[in-house]
Structure formats: structure tokens, C-alpha cells
Amino acid sequence: MNKNKTRAKLAAGGTVTGMVLQMIRSAEIPRILAAAGFDYIFIDTEHGGFNPESVQDIATAAREAGITPLVRVTELKYSLVARSLDLGAQGIIFPRVEDADLLREAIAWTRFPPLGSRGFGLGAPQTGYARLSMPEIIAHANEENLNVVQFETVKALEMSPQLLSIPGVDIAMIGPADLSISMGIPGEFDHPDLVRAIEGLMAECHRHGVVPGIHCPGVAMARQWLDGGMRLVGCGGEINLLLDRATELQTRLRQTSREE
């Protein structure tokens, strides 16, 4: 069965980088990002148009390529969380978390009994066609999955001691866009109040043994937080990556044409 390389790297004290998949429903995207050296992708079903079939195709390709597929679910519901894992995700990103009891229940959905309440429904593709017993599959899945909790509001930050103390929370991921909106400073990612809030959550993560993470819109911000001690850092998405590279290429082509 596939090992969760992102989990292993974090457990060894390392730092991981990744990218969000927003719109392009192609299994080639994780293969490209794996070849580029990224550690993880997250398939955004909260804001993107991914159906279960595309999630399964992308997650399967990612696992085969050696890049960790995470899925951001649209909301904390058993049918979304457990099914995403059955489709091949190696971790769940929980958005808009502000309720400790609901988060505790949602984390239970990611684990098979006796550690949780997930129903058994894994097929051969999700186990890499390995001929394993049910206890072996259960033990592997319970050990390898990652639980990523997003902090996107002032209320979530205020509740961080309760949320981070819940067993099974592996990573706390700041959503700077929504957090900046919640703070009344939309898009001001270098605002001192936002920076202090993020640093405060990082300190809380360290107190609870949770990996601090963030997803950034651009390289400069991602670099800032990598240097600042974030251990899971996402940067941009496949749409802007393609648009930026295409724009750069076309600009250079026009410059070459004028020079000739």
C-alpha cells in the first residue's frame, strides 16, 4: 500500500510544500507537480468543480506518482469525509472549523474502529491492489491519513486551544484570505494584525504538538512563512501557474519578435 510521504516527512521534522488544484480535472496535474518536486496537492472540492470521479482519478494518479493527495471537503459531513478517503485521498482538509464537538466527530469519521467510526469500503485501487487482510488495511489507513484543520476566522483563532487539543488534529492550516476578511482587512496579507494573528496560532500549535501550515497566494508570502517556521506551506494553484507561465512565455515571444 502507498505510504503517506507528507506525513512521514513531517514526522521526521521536515517541511513540506504543495499546491491547490482548483479547476483542471486532469490526472496529469499531480504527475507534473510530483515531477517538479512538490510533496502534496490538495483537491479543492469546496470551491472547485470536482466530482467524485475526478477526485478518484486525480488521487489515484497522485498516489502512483508519489505525491500526497489531500481533499478539502465542502463541509464537515460524514458522506463527504469518508467517501473522499474511499476515493483515494490520504488526508482531509476541514474548512471553516469553529465547533470543537463537530471537529471531534469529523476526525472520528477518518478512522476505522476502534479509533473512530469510519465505515469500511476500501477497494483494490485504494490499497494498491495489495493482497492484505482487513485488519492490515485498517491499521495502515488509520496510521497514514492526515487531518488538516483550517483556521479562517477570528472565532476559530479564539477557539484554537480547544480545537488544537482534540486528538487526531495533525496540521493547523491558516486560510489567510478568509482570515483577512474576518479581521476586516481583506487581502492585506502583510498587515501587522494579520501577521500577529498567524504567529499567535503558530505558537499555539507548538504548545499542542500540531504542525503549523498556511496556503499562500504567491511565492513572496510563501517564502516569508517558510522562513518564519511554517512546516506545511502551499503556494498558489494550477490555474494561476498556467496563466503566469503562459503570460511570461507570450511576453518573451513578443519581445523576440520586436527585436527581430
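**Legends to the close-up views**

**View 1. His-140 is a residue of helix 6 (residues 134-144).** Helices (H or I, at least four residues) and strands (E, at least two) are DSSP runs, numbered from the N terminus. The model shown is predicted: local features need pLDDT of at least 70, side-chain atom pairs count only at pLDDT 80 or more, and totals for chains, interfaces and linings use all residues. Residues are numbered from 1 along each chain as its sequence is written, and side-chain values use heavy atoms, with hydrogens and water left out. His-140 has a relative accessible area of 15% and is therefore buried; buried means under 20%, exposed over 50%, and partly exposed in between (1.4 Å probe, protein chains only). Leaving aside neighbours within four places in sequence, His-140 is in contact with Met-1, Asn-2 and Lys-3, where contact means heavy atoms within 4.5 Å. A polar atom of the His-140 side chain lies 3.0 Å from the backbone oxygen of Asn-2. A polar contact is a pair of N or O atoms within 3.5 Å; within protein, one must be able to donate a hydrogen and the other to accept it, and residues adjacent in sequence count only if both atoms are side-chain atoms.

**View 2. Glu-238 is placed in helix 12 (residues 238-259).** Glu-238 counts as buried because its relative accessible area is 4%. Residues up to four places away in sequence not being counted, Glu-238 touches Met-19, Val-20, Leu-21, Gln-22, Met-23, Ile-24 and Ile-29. Which backbone nitrogens does the side chain of Glu-238 reach at 2.7 Å? One belongs to Gln-22, at 2.7 Å, and another to Met-23, also at 2.7 Å. Ser-180 is 58 residues from Glu-238 along the chain, and the C-alpha atoms of the two are separated by 23 Å.

**View 3. The largest nonpolar core has 54 residues.** Such a core is a set of buried Ala, Val, Leu, Ile, Met, Phe, Trp, Tyr and Cys residues joined through side-chain atoms within 4.5 Å. The members that touch the most other members are Phe-94, Leu-103, Phe-151, Ile-214 and Trp-225. Helix 10 (residues 192-208) supplies the largest share of this core, seven residues. Apart from residues up to four places away in sequence, Trp-225 touches Val-195, Ile-198, Glu-199, Met-202, Ile-214, Cys-216 and Met-230. A second, separate core has 13 residues, including Val-16, Leu-70, Leu-146 and Ile-171.

View 4. A search of the whole structure finds zero disulfides, a disulfide being a pair of cysteine sulfur atoms within 2.5 Å. Cys-205 counts as buried because its relative accessibility is 1%, and Cys-216 counts as buried at 1% relative accessibility.

**View 5. Leu-102 lies in helix 5 (residues 100-108).** Is Leu-102 buried or partly exposed? With a relative accessibility of 31%, Leu-102 counts as partly exposed. Neighbours within four places in sequence aside, Leu-102 is in contact with Leu-76 and Trp-109. Leu-102 and Tyr-129 are 27 residues apart along the chain, and their C-alpha atoms are separated by 34 Å.

**View 6. Arg-96 and Pro-114 are shown for their backbone geometry.** Most residues other than glycine have a negative phi, and most peptide bonds are trans. Arg-96 is not a glycine, yet it has a positive phi of about 50°. The loop between strand 4 (91-94) and helix 5 holds Arg-96, which is partly exposed, with a relative accessible area of 45%. Pro-113 and Pro-114 are joined by a cis peptide bond, with omega about 10°. Pro-114 lies in the loop between helix 5 and helix 6.

**View 7. Glu-53 belongs to helix 3 (residues 52-65).** Glu-53 has a relative accessible area of 52% and is therefore exposed. Leu-87 is 34 residues from Glu-53 in sequence, while the two are 8.3 Å apart in space, C-alpha to C-alpha.
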